[in-house]
Amino acid sequence: MGRKLTPRQAIARSYAGWDYAMADRLIAWLDRCGYEIVAKNADHKEPSLVPDESASPASPEFERSH
């Protein structure tokens, strides 16, 4: 099983030299914008914000032409 990274570590590793300062700024910006980093498979606090896949029609721009 692979090692688990914190959200801060996962973001920092995408920058050269594991830039933790940039990761902290990005997490703070997401928080100010109302976003929240949640654990995989975690229940959402506001389930109405999660779109229901069966309720949304397929977008024609994403359908393949045959």
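Predicted model: local features only at pLDDT ≥ 70, side-chain atom pairs only at ≥ 80, totals over all residues.

Colleague: How do you know that the span of helix α2 agrees with its number of residues?

Modeller: Helix α2 covers residues 20-32, which is 13 residues.

Colleague: What sits at either end of α2?

Modeller: At the start, a side-chain oxygen of Asp19 comes within 3.2 Å of the backbone nitrogen of Ala21. The cut-off for a polar contact is 3.5 Å, so that pair qualifies. After the helix comes Gly34, with a positive phi near 95°.

Colleague: And what makes the phi of Trp18 worth a remark?

Modeller: Most residues other than glycine have a negative phi. Trp18 isn't a glycine, yet its phi is positive, about 50°. You'll find Trp18 in the loop between α1 (7-12) and α2.

Colleague: Why is the pair of Trp18 and Tyr20 called tilted?

Modeller: A search of the whole structure turns up one aromatic pair, and it is Trp18 with Tyr20, 6.3 Å centre to centre and 45° between the planes. Centres have to lie within 6.5 Å, so the rings pair; stacked needs planes under 30 degrees apart and edge-to-face over 60, so 45° lands in the tilted class.

Colleague: What makes Asp24 and Arg8 a salt bridge?

Modeller: Their closest N and O atoms are 2.7 Å apart, and the limit is 4 Å, so the pair passes. The structure holds one salt bridge. Asp24 lies in α2 and Arg8 in α1, so the pair ties together parts that are 16 residues apart in sequence.

Colleague: How exposed are the two partners?

Modeller: Asp24 has 34% relative accessibility, so it is partly exposed. Arg8, with 36%, gets the partly exposed label too.

Colleague: Which residues does Leu26 touch?

Modeller: Leaving aside neighbours within four places in sequence, Leu26 is in contact with Ile11 and Tyr15. Leu26 lies in α2, and its C-alpha is 9.2 Å from that of Arg8, 18 residues away along the chain.

Colleague: How much of the chain is buried, then?

Modeller: Buried residues make up 5% of the 66 in the chain. The accessible surface is about 6400 Å², with 54% of that belonging to carbon and sulfur atoms.

Technical notes:
Residues numbered from 1 in each chain as written. Heavy atoms only, no water. Helix = DSSP H or I, 4+ residues; strand = E, 2+ residues; numbered from the N terminus. Expected span 1.5 Å × (residues − 1). Polar contact = N/O pair within 3.5 Å; in protein donor to acceptor, adjacent residues only side chain to side chain. Phe/Tyr/Trp six-rings, centres within 6.5 Å; stacked < 30°, edge-to-face > 60°. Buried < 20%, exposed > 50% of the residue type's maximum accessible area, 1.4 Å probe, protein only. Areas by Shrake-Rupley, 256 points an atom, 1.4 Å probe, with all protein chains shown as cover. Salt bridge = Lys/Arg side-chain N within 4 Å of Asp/Glu carboxyl O. Contact = heavy atoms within 4.5 Å.
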